[in-house]
Protein chains: 2
Amino acid sequence: MITYADIQAAQHRLSGQSRHTPLLSSPFLDEIAGRKIFVKPECLQHTGSFKFRGAWSAVSALPEDQRKNGVIAFSSGNHAQGVALAAARHGIPSVIIMPQNAPALKIANTRALGAEVVLYDRATEAREEIGDRLSAERSLTLIKPYDEPMVIAGQGTVGLEIATDLPGDNAEVLVPCGGGGLTSGISIALAQDVPDMLVRPCEPEGFDDTARSLASGRIEQNATPEGSICDAIVTPAPGDITFPIMKENCGSGIVVTDEECLRAMALAFLRLKIVIEPGGATSLAAALFHGDKLTKDTAVCVASGGNVDPAMFARALQTLES
Amino acid sequence: MITYADIQAAQHRLSGQSRHTPLLSSPFLDEIAGRKIFVKPECLQHTGSFKFRGAWSAVSALPEDQRKNGVIAFSSGNHAQGVALAAARHGIPSVIIMPQNAPALKIANTRALGAEVVLYDRATEAREEIGDRLSAERSLTLIKPYDEPMVIAGQGTVGLEIATDLPGDNAEVLVPCGGGGLTSGISIALAQDVPDMLVRPCEPEGFDDTARSLASGRIEQNATPEGSICDAIVTPAPGDITFPIMKENCGSGIVVTDEECLRAMALAFLRLKIVIEPGGATSLAAALFHGDKLTKDTAVCVASGGNVDPAMFARALQTLES
């Protein structure tokens, strides 16, 4: 059970650590969408994604005696960098378990943020076994990426900022959704502060586990975990903790295509001058290209991250030429 | 004579209109530079550059009787869009005189922001004659791009924000410099608020009129107005109003290469998730690649704009592959 007070407490712990990201807008985007659009650029957050909020929230919530031994996480992406930076700023060790075929840049970035990176072979080793062994040997605390109350509370601070900054309160809040930590956290914050706002999870076509779960009322799986350009937000299924929260608070999910994500990235480049990763652009893609599925005059699109490699970004820019 | 009070008054008029841009940072950039680096992303300002500040300041300072007739500007770039938006938000007409071979996208953008665009043939027509005729016929007020006190006062609000937001006050403030409106405005604000900060103009190689002018003590010209990828900040020479201010307040100029600007753009993409145009990246390029010319532990790089076309941005991204 995560409460509004948990999110307020997380915001207090994050004070002076996370960036309060602004709400950006452009009349050109409003015209395409046919409504007022605001973009909350969590790509400008430390480590390039909202994940730093949840990681800091979880690490800072640990009892001092437990925290000083260090933390451990499984991730090849944004969560890894968030945990590494949160640990480094607390002056504690962090171990990140990554597949040995992860992109060299991501491994290097995670190490540069102060983490010890342990590589494993996905074909022959189970990361959980490695994690259990290291945790036991060194008394490390596992920081899960989304199904963890203090992580959800940290991500919920995005919702507190939206409630503070948005003029008026009758808006749909579109959130890129993987395991549901960000979506569920925001939904708790807004349900209390501005109950007329409606949170809508956004997912890539073929990986719409949350949209289908919300439609059926129970947790549905993705058919495959790989193959989306929106890799940062693809998980096997919504979490056991996050799904009931989303079921209670959120509107139906919106599904967008990879091509629409690339076009949204290009339009964010052109009109807002920010860099969004494909998964982080699902929300803007929903607002720009699926306006028929929205019900309010204003949409707030959380751009959840910007960790995209140059080749993929160049591919997005090519959509401007057509 | 522009005073600190003029800048405060401009900030008051800009309240609720311009974005107070944040200070961004990344440990990866600090490591390259060998010092603490902050980037002030004016690319996130309305219309994608700081120019909106000066345009709004100038338009809002006009007496109501004069303003209602409308304003006129010569520009094919950032100043055009700033003036167009400032006029539109005041509910007054604007006329922007642009060369007929200006990029179609810039013409379309300026029109979409509400301006009447008048095209002229650079080979056979003088834009000043067209401007004089239209101004006389319609009682329009000319908004100059930099040699205009209320424009300089508006740009100076960038300096007030830096003084408010920067922890500590012993920093060099690196500013992309064309005609000198932004540089001189910031220098007035900082000279009053935090006199230990030193403003340094940054320019592209071959178009270093301000650096040479500061060195010689008198206004020097560029040999040619064309041929730099940093076109947004290339002017024939520093202004008659801006140069004496820079001469009194600023340190020596720093000159960077086009290649360094492209690399700085790519690193801002990778580490800050923002889009900077080549001219707007001269400041970050100076901090990253000319640290030997800096004298303080901290550098604030004003990223003055982000209006870069996709092909040029893709070219910048290619520098990450080498």
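Predicted model: local features only at pLDDT ≥ 70, side-chain atom pairs only at ≥ 80, totals over all residues.
User: What makes the relation between chain B and chain A that of a two-fold axis?

Analyst: Chain B can be laid on chain A by a turn of 180° with a shift of 0.0 Å along the axis, and the RMSD is 0.0 Å. It is therefore the relation of a two-fold axis. In chain B, I274(B) has the C-alpha nearest this axis, 2.3 Å from it.

User: How do you know that the copies meet through the same surface?

Analyst: The interface residues of chain B are, to 100%, also interface residues in chain A, so the same surface is used by the copies. The contact takes 29 residues from chain B and 29 residues from chain A.

User: What makes up the area buried between chain B and chain A?

Analyst: The two chains bury about 2,300 Å² between them, and 71% of this lies on carbon and sulfur atoms. F269(B), K273(B) and P310(B) supply 26% of the area that chain B buries against chain A, more than any other three residues. Helix 2 (27–33), helix 6 (104–112), helix 13 (258–272) and helix 15 (310–318) of chain B are the elements that give two or more residues to this side. The residues on the side of chain B divide into 20 nonpolar, five polar and four charged.

User: How many salt bridges and how many polar contacts join chain B and chain A?

Analyst: The count of salt bridges between the two chains is zero. In contrast, 10 residue pairs are in polar contact across the interface, both residues of each pair being at pLDDT 80 or more.

User: Why is the pair E42(A) and R53(A) called a salt bridge?

Analyst: The closest N and O atoms of E42(A) and R53(A) are 2.6 Å apart. The cut-off is 4 Å between a side-chain nitrogen of Lys or Arg and a carboxyl oxygen of Asp or Glu, so the pair qualifies.

User: What makes R53(A) and E161(A) a salt bridge, and which parts of the chain does the pair link?

Analyst: The N to O distance between these side chains is 2.9 Å, and the cut-off is 4 Å, so the name applies here as well. The pair links distant parts of the chain: R53(A) belongs to helix 3 (residues 51–61) of chain A and E161(A) to helix 8 of chain A, 108 residues apart. Over all chains, the whole structure holds 24 salt bridges.

User: How do you know that domain 1 and domain 2 of chain A touch?

Analyst: The assignment gives domain 1 (4–49 + 148–320) and domain 2 (52–142) in chain A. The C-alpha centres of these domains lie 25 Å apart. Contact is judged on heavy atoms within 4.5 Å, and 26 residues of domain 1 are in contact with 16 residues of domain 2. The two domains bury about 1,600 Å² between them, 51% of it on carbon and sulfur atoms. R13(A), Q17(A) and T47(A) lose the most area on the side of domain 1, together 34% of what that side buries.

User: What polar links cross between these domains, and which helices supply the side of domain 1?

Analyst: Three salt bridges cross the interface of domain 1 and domain 2 of chain A, and 12 residue pairs are in polar contact there. Helix 1 (4–14) and helix 8 (149–165) of chain A each supply at least two residues of the side of domain 1. Helix 8 of chain A gives the largest share, eight residues. This side of domain 1 divides into seven nonpolar, 11 polar and eight charged residues.

Definitions and conventions
Residues numbered from 1 in each chain as written. Chains lettered and ligands numbered in written order. Heavy atoms only, no water. Buried area = accessible area lost by both parts, 1.4 Å probe. Polar contact = N/O pair within 3.5 Å; in protein donor to acceptor, adjacent residues only side chain to side chain. Helix = DSSP H or I, 4+ residues; strand = E, 2+ residues; numbered from the N terminus. Nonpolar A, V, L, I, M, F, W, Y, C, P; charged D, E, K, R; others polar. Domains from an automatic or database assignment. Least-squares fit on C-alpha atoms with pLDDT ≥ 70 in both.
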